[in-house]
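The following exercises concern one structure and are to be worked through in order. Each task sentence is followed by a stepwise solution.

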Protein chains: 2
Amino acid sequence: MKRRTPEVLEWARTLVEPALEAATRRLSPDLGLPARYHFGWVDPCGSPLEESLHGKGVRPTLALLSAGAAGAPPEIALPGAVAVELVHNFSLIHDDIIDDDDERRHRATVWKVFGVGDAIIVGDALMGLAFELLLEEATPARTAAATDLVQATMAMIAGQYMDMSFNRQDTVGVTECWEMVSRKTGALLAHASAVGAILADAPPETVEALRRFGRELGLCFQAIDDLLGIWGEPAVTGKPAGNDLRERKKSIPVAVALSSGTRAGEMLADLYAQEHLNESDIARAAALVEEAGGRSATAEAARDCMQRAAQALTAADLEEQPAEELLDLASFVVNREF
Amino acid sequence: MKRRTPEVLEWARTLVEPALEAATRRLSPDLGLPARYHFGWVDPCGSPLEESLHGKGVRPTLALLSAGAAGAPPEIALPGAVAVELVHNFSLIHDDIIDDDDERRHRATVWKVFGVGDAIIVGDALMGLAFELLLEEATPARTAAATDLVQATMAMIAGQYMDMSFNRQDTVGVTECWEMVSRKTGALLAHASAVGAILADAPPETVEALRRFGRELGLCFQAIDDLLGIWGEPAVTGKPAGNDLRERKKSIPVAVALSSGTRAGEMLADLYAQEHLNESDIARAAALVEEAGGRSATAEAARDCMQRAAQALTAADLEEQPAEELLDLASFVVNREF
């Protein structure tokens, strides 16, 4: 019988967290500390926290369910689940330095606590560890999983770099913006949703269907994240209202508005060109994005992506229960107030 | 007939540089620019330089020769040669941020020109690219080469972190210091010297002999680098005399002196504990390291390593010419004024 998503996430955590913990133990104790701090297991001195503050673990859960969906025992996906979580967290640690972010999950970021040098090197170590884990058994399936992961990682890095470049541009096109999202967020979620099937030696069409599901989930997730970045409740998002506008991010709704050819779009461009945006500018920018069609187009795109994600699963020949749990997980991930 | 080392390096460059250049072309043009700048092919705006300022290319040359030594065409090692050079350069780009170094090869470092964020991400991309290249053909030899490279990379990262930790300690033991060197410098040179044989599907004893050669070469290289860091001619090293002492580095000669149990060693420890070292302190520190036996022990260790490197090659059943060229290359690399 199909399990509820919180139960599925908890089940995945029970499987993955010990393996992830064991992976970080391979690092020297000194180098392992910033990693273990980042994962929310210990304080900056290495003392265990009463309650793990680790994230939801969406990517490892996708990996385990995708093995199940391909008709294999979920445990076969464990090395892939750990590796994708390592790559995701390497990118978070480096991104926090690059974006000068002080906090993540309500705690000081690694570079804030341990310094930039340590944060760079612990990120490097987690990336290496991911490939070391997958490659230490030289089966064709493990090699294929490592190859898929490295390609997803390269796409993710390219997407992160595109996002950084957007900050230096006055405007970005809608297509360009989706391309960035597809790489930065979509590629690793696509890999996570496919790697279980890859490790299960599933037929290519099964792997590709799961990959499409993961990519659409990534696009949907980012579209909703972008809506929340403008219209999200501060109490829910933990960030001030209109935060993405304050930082003049070229998010999807903004890219749509700037490219709309409407008067509201032009006025938004003028606002974005200003030195400083005060609170009333931000409220006005939000209204202009909405007037130029950015909000509705993004919400519609999110719905379309979710629909295509669901279609990818139903079109493939998958085990029923894990496939349903995958779809529920997708809804759970994107279903936030906006 | 055996070629002279400069000729061998030039031959390797002719083979490797186009492949390395093609590898960086896989990155988006924006992300490729800092990489191409770092490799010494272009200026910060992307205009080609008249003369390539790229390093000597010791690691790729080792890779090509090791395939030859194992009786295979050197070209079989090309993906391994490119991958090891990518990993080496990813580590240089990140190390320059970590060590706050402004210059490398008489040019501004990547982070100085493009900013810390870009330098972090281009380093990440070069590391990923190395594994992507090796894994894109799923043969057992390519997978074995990737596995060997990831293990060497993890050792190198651990060594770099040990080295950073030494800066925070008052003293380090001699064994600990060699362990750091073996990881930071030895592991990747060991891999470079073995990967050609791995890609040539050579028997394990051939691979291991070449690996031992590369590791000893790395230890010897670092021992001599450490001697140069104290007694090198500024005109030759490009750094002020006694530079390692000024930075209070725990290099091999210093570790030997500090652990010597001599009066000179104790006096060196007192000097190292001072807030600031002036020029006469540095001259005195150099004399104390020498008096405590640090200079002679390190020079002797360098000779021993070189001898063991040569023995590793003669003990194995290798093709004569490439084996001789490997040994000449090793002498060329370590044979600097000190």
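**Exercise 1.** In which helix of chain A does Ala194(A) lie? Determine also its burial and its contacts.

*Solution.* The model examined here, and in every exercise below, is a predicted one.

Step 1. Ala194(A) belongs to helix H8, which covers residues 174–199 of chain A.

Step 2. The relative accessible area of Ala194(A) is 0%, so the residue is buried, the cut-off being under 20%.

Step 3. When neighbours within four places in sequence are set aside, the contacts of Ala194(A) are Ser66(A), Val207(A), Leu210(A) and Arg211(A).

Step 4. A separation of 127 residues along the chain lies between Ala194(A) and Ala67(A), yet 8.1 Å separates their C-alpha atoms.

**Exercise 2.** Which residues do Thr5(B) and Val8(B) contact, and is each buried or exposed?

*Solution.* Step 1. Thr5(B) is located in helix H1 of chain B, residues 5–25, and Val8(B) is found in helix H1 of chain B as well.

Step 1. Thr5(B) has a relative accessible area of 8% and is buried; Val8(B), with a value of 2%, is buried too.

Step 2. Apart from residues up to four places away in sequence, Thr5(B) touches Asp328(B), Leu329(B) and Phe332(B).

Step 3. For Val8(B), with neighbours within four places in sequence left aside, the contacts are Arg3(B), Thr61(B), Leu65(B) and Glu325(B).

Step 4. Val8(B) and Trp178(B), 170 residues apart in sequence, have C-alpha atoms 30 Å apart in space.

**Exercise 3.** Which loops hold Arg105(A) and Asp201(A), and what is the phi of each residue?

*Solution.* Step 1. Most residues other than glycine have a negative phi.

Step 1. Arg105(A), a residue other than glycine, has a positive phi near 50°. Its position is the loop between strand S1 (103–104) and S2 of chain A, and at 29% relative accessibility Arg105(A) counts as partly exposed.

Step 2. Asp201(A) likewise is not a glycine and has a positive phi, near 55°. Asp201(A) sits in the loop between H8 and helix H9 (204–231) of chain A; with a relative accessible area of 61%, Asp201(A) is exposed.

**Exercise 4.** How many cavities of 30 Å³ or more are there, and what lines the largest cavity?

*Solution.* Step 1. Rolling a probe the size of a water molecule over the atoms shows where empty space is left.

Step 1. The count is six cavities of 30 Å³ or more. The largest cavity holds about 110 Å³ of space.

Step 2. Its lining consists of 15 residues, and those nearest the centre are Tyr37(A), His38(A), Arg104(A), Arg107(A) and Ala108(A).

Step 3. Two or more lining residues come from each of helix H2 (29–38), helix H4 (78–98), strand S2 (107–108) and helix H5 (110–114) of chain A.

Step 4. By class, the lining of the largest cavity has seven nonpolar, four polar and four charged residues.

**Exercise 5.** How many disulfides does the structure contain over all chains?

*Solution.* Step 1. A disulfide requires cysteine sulfur atoms within 2.5 Å.

Step 1. The search of the whole structure returns zero disulfides. For Cys305(A), the nearest cysteine sulfur is that of Cys220(A), 6.0 Å away, and Cys305(A) is in no disulfide. Cys305(A) is buried, at 2% relative accessibility.

Step 2. In chain B, Cys305(B) is in no disulfide, the nearest cysteine sulfur being that of Cys220(B) at 6.0 Å. Cys305(B) also counts as buried, at 2% relative accessibility.

Terms used. Residues numbered from 1 in each chain as written. Chains lettered and ligands numbered in written order. Predicted model: local features only at pLDDT ≥ 70, side-chain atom pairs only at ≥ 80, totals over all residues. Heavy atoms only, no water. 1 Å grid on protein atoms, 1.4 Å probe; cavity = no way out; pocket = protein on both sides within 12 Å on 5 of 7 lines; lining within 4 Å. Points joined across faces, edges and corners; volume = space filled by probe spheres on them. Helix = DSSP H or I, 4+ residues; strand = E, 2+ residues; numbered from the N terminus. Nonpolar A, V, L, I, M, F, W, Y, C, P; charged D, E, K, R; others polar. Buried < 20%, exposed > 50% of the residue type's maximum accessible area, 1.4 Å probe, protein only. Contact = heavy atoms within 4.5 Å.
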